[in-house]
Amino acid sequence: MSNSPEKRGTPVDGGDKPESPWRMPIVWLVIALPAVVVIASIGLIFIAGGDGNDVVRDDVQRTAQIQTADLSADAVAGEQKLSAIVRTDLEGGFIEVLPVSGSFDHTAPLRLTLAHPADSARDTVLLLAPGELGWRVDARLDDSHDWKVELGPEDAHWRLKGRLPKGQQATNLRPSLQAE
């Protein structure tokens with residue numbers, strides 16, 4: 001077996017040509033890893049700097065670096081043991097609230113806030129009129145996504161909260177705080 005230069009794949013003149021650095025995998029690794037990290041970091045900055053899709057709608061007070069919210073309306077609802085069911089009727093085109101427990105003022109209207117989980121421009125506030133069984137308003141609700149639901153009187157001295165999942169026609173509303 002002959003060891004001629006032609007068989008080994010080297011030039012006949014005996015000079016070695018260096019390989020291109022771009023053909024070496026380690027060079028690509030050294031360049032690609034930092035580039036991927038920079039691109040991922042920029043993407044995370046945009047995601048973190050977004051408008052937020054689970055924003056608390058309560059008014060908050062800021063003291064130093066602490067945010068506090070007024071939970072007195074939740075406490076009142078808990079003390080009165082209030083709970084209700086919100087029901088939507090897509091065919092009839094109405095939304096109604098049925099009291100479950102506690103003593104509601106059946107002569108006063110109620111304010112129902114339906115908050116879109118990601119787009120505050122799609123939030124809806126409805127004033128429900130008292131009726132035979134509870135409160136009712138003529139309105140159609142988009143059931144293609146979840147809704148955050150909040151119910152209370154016009155003076156907002158108590159409130160009930162809940163979540164209406166996508167495609168569901170009813171949900172139970174309860175106080176955020178339970179009475180002790």
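Which side chains does a polar contact of 2.8 Å join? The side chains of Ser-83 and Ser-101 are the pair. For a polar contact, two N or O atoms lie within 3.5 Å; within protein, one must be able to donate a hydrogen and the other to accept it, and residues adjacent in sequence count only if both atoms are side-chain atoms.

This is a predicted model: local features need pLDDT of at least 70, side-chain atom pairs count only at pLDDT 80 or more, and totals for chains, interfaces and linings use all residues. Residues are numbered from 1 along each chain as its sequence is written, and side-chain values use heavy atoms, with hydrogens and water left out.

**Overall make-up**

- The chain has three helices and 10 strands. Both kinds of element are DSSP runs, numbered from the N terminus: helices are H or I with at least four residues, strands are E with at least two.
- Read from the N terminus, the elements run α-α-β-β-α-β-β-β-β-β-β-β-β.
- The chain holds 180 residues, and 25% of them count as buried. Buried means under 20% relative accessible area, exposed means over 50%, and partly exposed lies in between (1.4 Å probe, protein chains only).
- Take the contacts between residues at least 6 apart in sequence: 53% of them join residues at least 24 apart. A contact means heavy atoms within 4.5 Å.

**The sheet**

- Eight strands form an open sheet in the order β9-β8-β5-β6-β7-β4-β3-β10, with antiparallel pairing. Two strands pair if DSSP finds at least two bridges between them.
- Strands of a sheet pair through backbone hydrogen bonds, either parallel or antiparallel.
- β5 (residues 110-115) and β6 (residues 124-130) run antiparallel and are joined by five bridges. Here Leu-110 stands opposite Leu-128 in β6.
- β3 and β10 also run antiparallel, joined by four bridges. Ile-85 stands opposite Asn-172 in β10.
- β10 has two faces: Thr-171 and Leu-173 make up the covered one, Ala-170 and Asn-172 the uncovered one.

**Ser-83 and its surroundings**

- Ser-83 sits in strand β3. Its relative accessibility is 2%, so Ser-83 counts as buried.
- Neighbours within four places in sequence aside, Ser-83 is in contact with Pro-99, Val-100, Ser-101, Phe-104, Leu-160, Asn-172, Leu-173 and Arg-174.

- Gln-80 lies between α3 (72-79) and β3 (83-89), in a loop. With a relative accessible area of 33%, Gln-80 is partly exposed.
- Gln-80 touches Gly-102 and Ser-103, not counting residues up to four places away in sequence.
- Gln-80 and Gly-102 are 22 residues apart along the chain, and their C-alpha atoms are separated by 5.7 Å.
- Lys-81 is also in the loop between α3 and β3. Lys-81 has a positive phi of about 55 degrees although it is not a glycine.
- Lys-81 counts as exposed because its relative accessibility is 54%.

**The loop between β8 and β9**

- Ala-156 lies in the loop between β8 (147-153) and β9.
- Phi of Ala-156 is near 60 degrees, a positive value in a residue other than glycine.
- Ala-156 has a relative accessible area of 49%, so this residue is partly exposed.

**Aromatic rings**

- There are three aromatic pairs. Rings of Phe, Tyr and Trp (its six-membered ring) pair if their centres lie within 6.5 Å; planes under 30 degrees apart count as stacked, over 60 as edge-to-face and the rest as tilted.
- Phe-104 and Trp-158 form an edge-to-face pair, with 5.5 Å centre to centre and 75 degrees between the planes.
- This pair links distant parts of the chain, 54 residues apart: Phe-104 is in the loop between β4 (94-101) and β5, Trp-158 in the loop between β8 and β9.
- Phe-104 and Trp-158 are both buried.
- Phe-104, Trp-135 and Trp-158 form one aromatic cluster.
- The charged end of Arg-136 sits over the ring of Phe-94, 3.4 Å from its centre. A charge sits over a ring if NZ of Lys or CZ of Arg is within 6 Å of the ring centre and within 35 degrees of the ring normal.
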